[in-house]
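Biologist: Hello! I am new to this structure and would like to walk through it with you. Could we take it one question at a time?

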Amino acid sequence: METFESDGHVIVRLDRGDLALESIIDACEAHDVDTGVLVSGIGTFSNLNIHYVNRTDLPEDQTDRNVHLSLDGSWEVTNVGGLIADGEPHLHVTAFDGERTVGGHLESGCEVNVLGEFTIRKVADISLQRRSGENAVSQLKRR
């Protein structure tokens, strides 16, 4: 991983074997990104770990609220985006393996296959955090 910073932007270059979400978290720590936006993310992964909500009733018990997928193979990442609040990224990913396109919440353990390039925009005038709201859904709030 290598990072570059200029004018409120942090560019993150990931190389083969780097872990995507973990590296983005490391870049946020290294560049003091408290509140920000991941405005661009592309690359290839050799595996894809995501989850998505598959319920509309949102029961209090969250054990069967999400579907977790761990998918092997080469994944062309067409977009990663989301917000960073209190230094914690909440990111979504869309990827294609040549046969299907999938999307969901980016989880840890996604290993870069060829390259990864991400752009984080720092937001200096607001400080956000996530707190549990109705139905135990994480919601953005001012800090």
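Modeller: Gladly, and please keep in mind that this is a predicted model. Which part would you like to begin with?

Biologist: Let us begin with His9. Which residues is His9 in contact with, leaving aside its neighbours within four places in sequence?

Modeller: His9 sits in strand S2, which covers residues 9-15. Its relative accessibility is 27%, so it counts as partly exposed. Once neighbours within four places are set aside, the contacts of His9 are Phe4, Thr119, Ile120 and Arg121.

Biologist: And how far does a polar atom of the His9 side chain lie from the backbone oxygen of Asp7?

Modeller: Asp7 belongs to the loop between strand S1 (2-6) and S2. With a relative accessibility of 68%, Asp7 counts as exposed. From its backbone oxygen to a polar atom of the His9 side chain the distance is 3.3 Å.

Biologist: What is the phi of Asp7 near?

Modeller: Most residues other than glycine have a negative phi. Asp7 is not a glycine, yet its phi is positive, near 50 degrees.

Biologist: Now the helix H1. Within what arc do its buried residues fall, seen down the axis?

Modeller: Helix H1 spans residues 20-30, and its buried residues are Ala20, Leu21, Ser23, Ile24, Ala27 and Cys28. They line one face of the helix, because the view down the axis of H1 places them within an arc of 160 degrees.

Biologist: Which exposed residues are on the face of H1 turned away from that buried side?

Modeller: To count as exposed, a residue needs over 50% relative accessible area. On the face of H1 turned away from the buried side, the exposed residues are Glu29 and Ala30.

Biologist: Is Cys110 buried or exposed?

Modeller: Like Cys28, Cys110 takes part in no disulfide. The relative accessible area of Cys110 is 0%, and the cut-off for burial is under 20%. Cys110 is therefore buried.

Biologist: Let us turn to the largest pocket. Which strand gives the most to its lining?

Modeller: About 460 Å³ of space lies in this pocket. It is lined by 17 residues, and those closest to its centre are His51, Asn66, His90, His105 and Ser138. Strands S3 (36-53), S5 (88-96) and S6 (101-106) each supply at least two lining residues. The one that gives the most, with four residues, is S5.

Biologist: His51 is on that list. Which residue's side chain does a polar contact of 2.4 Å join to the side chain of His51?

Modeller: His51 lies in strand S3 and is buried, as its relative accessible area is 13%. Beyond four places in sequence it touches Asn66, Val67, His68, Gly104, His105 and Glu107. The side chain joined to that of His51 by the 2.4 Å polar contact is that of Glu107.

Biologist: What separates the C-alpha atoms of Thr78 and Phe96?

Modeller: Thr78 has its place in strand S4 (residues 66-85). It touches Gly41, Ile42, Thr94 and Ala95, not counting residues up to four places away in sequence. Thr78 and Phe96 are 18 residues apart along the chain, and their C-alpha atoms are separated by 7.5 Å.

Biologist: One last question: is Gln129 buried or exposed?

Modeller: Gln129 is part of strand S8, residues 128-132. Leaving out residues up to four places away in sequence, it touches Ala85, Asp86, Gln139, Leu140, Lys141 and Arg143. Its relative accessibility is 18%, so Gln129 counts as buried.

Note on methods
Residues numbered from 1 in each chain as written. Predicted model: local features only at pLDDT ≥ 70, side-chain atom pairs only at ≥ 80, totals over all residues. Heavy atoms only, no water. Buried < 20%, exposed > 50% of the residue type's maximum accessible area, 1.4 Å probe, protein only. Contact = heavy atoms within 4.5 Å. Polar contact = N/O pair within 3.5 Å; in protein donor to acceptor, adjacent residues only side chain to side chain. Arc of directions from axis to C-beta. Disulfide = S-S within 2.5 Å. 1 Å grid on protein atoms, 1.4 Å probe; cavity = no way out; pocket = protein on both sides within 12 Å on 5 of 7 lines; lining within 4 Å. Points joined across faces, edges and corners; volume = space filled by probe spheres on them.
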